Amino acid sequence: MLTDPDARATVTPVSEQARDYARFAGVYDVWYPDRFFPDRDHTVSVLADLAAGGRSLELGIGTGRVALPLAQRGVEVHGIDISEEMVAQLRAKPGGDAIPVSIGDFAEVDVEGRFSLIFVIFNTLSVLLTQDDQIRCFANAAAHLEPDGVFVVEAFGPQFPVEFRGGQRGQAGLVDADIAILDVGNYDPVEQRASVQYLVFSGDKPIMYPAQSRYASPAELDLMARLAGLRRQQRWGNWRREPMTAESKLHVSVYGRGA
């Protein structure tokens, strides 16, 4: 049974975004169990191939859902995350202490050295709520890539705005014997911003978790890459490397300096 994670927070958040993720930290792996990620093995395999034996950096490493199995594949993994609470969940898992993690705004990519692979997945790029911040993320990622390195982005596909019929959405998420999660939200097509409240029913009273995201179309992300001196090398509609279509809920895009 879930309890309000605010009572477990021990670190003062550095921003509103960090505060929100501090609340998510204790429940994230419960809400999104492994069965919600049937393609995780494919995700790890693709990322390991793209790392090509070099160092990798995950932006928004969170609880390590992909970083840990990637490290188990022999890839050197580093991470950045804004939430100390989320990283504490990573540290509590086997092998989590071995992954170097910097606490801060992942758009800054404030780490030393260069990487063969930098990746931001699970739509995490969208938590940067302005176009300027997303452009800054691309630029800083490009500055930390090896000459033949790649920047991989998993982001919302063309179906994302369509889900908000009339600008609104309501849908059920996880539903188990002692928990049900409903997310309700609206979408502003001018600002390309979604505001969502997750309503968690477990125990005596519901708990609300707010979340915001900024949708950037695949074409917009390609332009951000060009501004950073990168070009799209690959794009798939999932981690199985199948083509993206108008019905795709996500896309995986690979950017590098080469054609």
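This is a predicted model: local features need pLDDT of at least 70, side-chain atom pairs count only at pLDDT 80 or more; totals for chains, interfaces and linings use all residues.
The crossing of helices α6 and α7 is right-handed, a term used when the near helix is turned clockwise from the far one, by less than a right angle, with left-handed being the anticlockwise case. The axes of α6 and α7 come within 8 Å and cross at roughly 55°, which makes α6 oblique to α7. Angles under 35 degrees count as roughly parallel, over 145 as roughly antiparallel, 65 to 115 as roughly perpendicular, and the rest as oblique. The axes themselves are lines fitted to C-alpha atoms, for helices over the stretch in contact, and angles run from 0 to 180 degrees between N-to-C directions. On the α6 side the contact is made by Gln131, Gln134, Ile135 and Phe138, and on the α7 side by Glu220, Leu221, Met224, Ala225 and Leu227. Contact here means heavy atoms within 4.5 Å.

Residues are numbered from 1 along each chain as its sequence is written, and side-chain values use heavy atoms, with hydrogens and water left out. Helices (H or I, at least four residues) and strands (E, at least two) are DSSP runs, numbered from the N terminus.

## The seven-stranded sheet

Look next for the open sheet of seven strands, which follow the order β3-β2-β1-β4-β5-β11-β10 with mixed pairing. Two strands pair if DSSP finds at least two bridges between them. At the edges sit β3 (101-103) and β10 (231-236), each of which pairs on one side only. Neighbouring strands of this sheet are turned by 20° against each other on average, direction ignored.

β10 runs antiparallel to β11 (residues 250-256), and five bridges join the two. Within that pair, tryptophan 236 stands opposite valine 252 in β11.

Two helices pack on this sheet. Helix α3 (residues 40-51) touches β4 (115-120), β5 (145-156), β10 and β11, and its direction makes about 150° with that of β4. Helix α6 (residues 131-143) touches β1 (55-59), β4, β5 and β11, and its direction makes about 150° with that of β5.

How many bridges join β4 to β5? There are five, and these two strands run parallel. Isoleucine 118 stands opposite phenylalanine 151 in β5. Nine of the twelve residues of β5 are buried, so this strand is largely enclosed by the rest of the structure. Buried means under 20% relative accessible area, exposed means over 50%, and partly exposed lies in between (1.4 Å probe, protein chains only).

## The four-stranded sheet

Another open sheet has four strands in the order β6-β7-β8-β9, with antiparallel pairing. Its edge strands are β6 (168-176) and β9 (207-214), each pairing on one side only. The twist averages 20° from one strand to the next. Eight bridges hold the antiparallel pairing of β8 (residues 193-201) with β9, and the bridge partner of glutamine 197 in β9 is proline 210.

## Salt bridges

The whole structure has eleven salt bridges, each being a side-chain nitrogen of Lys or Arg within 4 Å of a carboxyl oxygen of Asp or Glu. Three of them are listed here.

| Pair | N to O distance |
|---|---|
| Arginine 136 and aspartate 105 | 3.3 Å |
| Aspartate 222 and arginine 232 | 3.0 Å |
| Arginine 235 and aspartate 222 | 2.6 Å |

Aspartate 222 lies in helix α7 (residues 218-227) and arginine 232 in strand β10, so their bridge ties together parts that are ten residues apart in sequence. Arginine 235 also lies in strand β10, so its bridge to aspartate 222 in helix α7 ties together parts that are 13 residues apart. Aspartate 222 is buried at 16% relative accessible area, and arginine 235 is buried at 16%, whereas arginine 232 is partly exposed at 42%.

Where do the two partners of the remaining pair lie? Arginine 136 is in helix α6 and aspartate 105 is in the loop between β3 and β4, 31 residues apart, so that distant parts of the chain are linked. Arginine 136 is partly exposed at 24% relative accessibility, and aspartate 105 is partly exposed at 28%. Both belong to a network of salt bridges that links Asp105, Glu108, Asp133 and Arg136.
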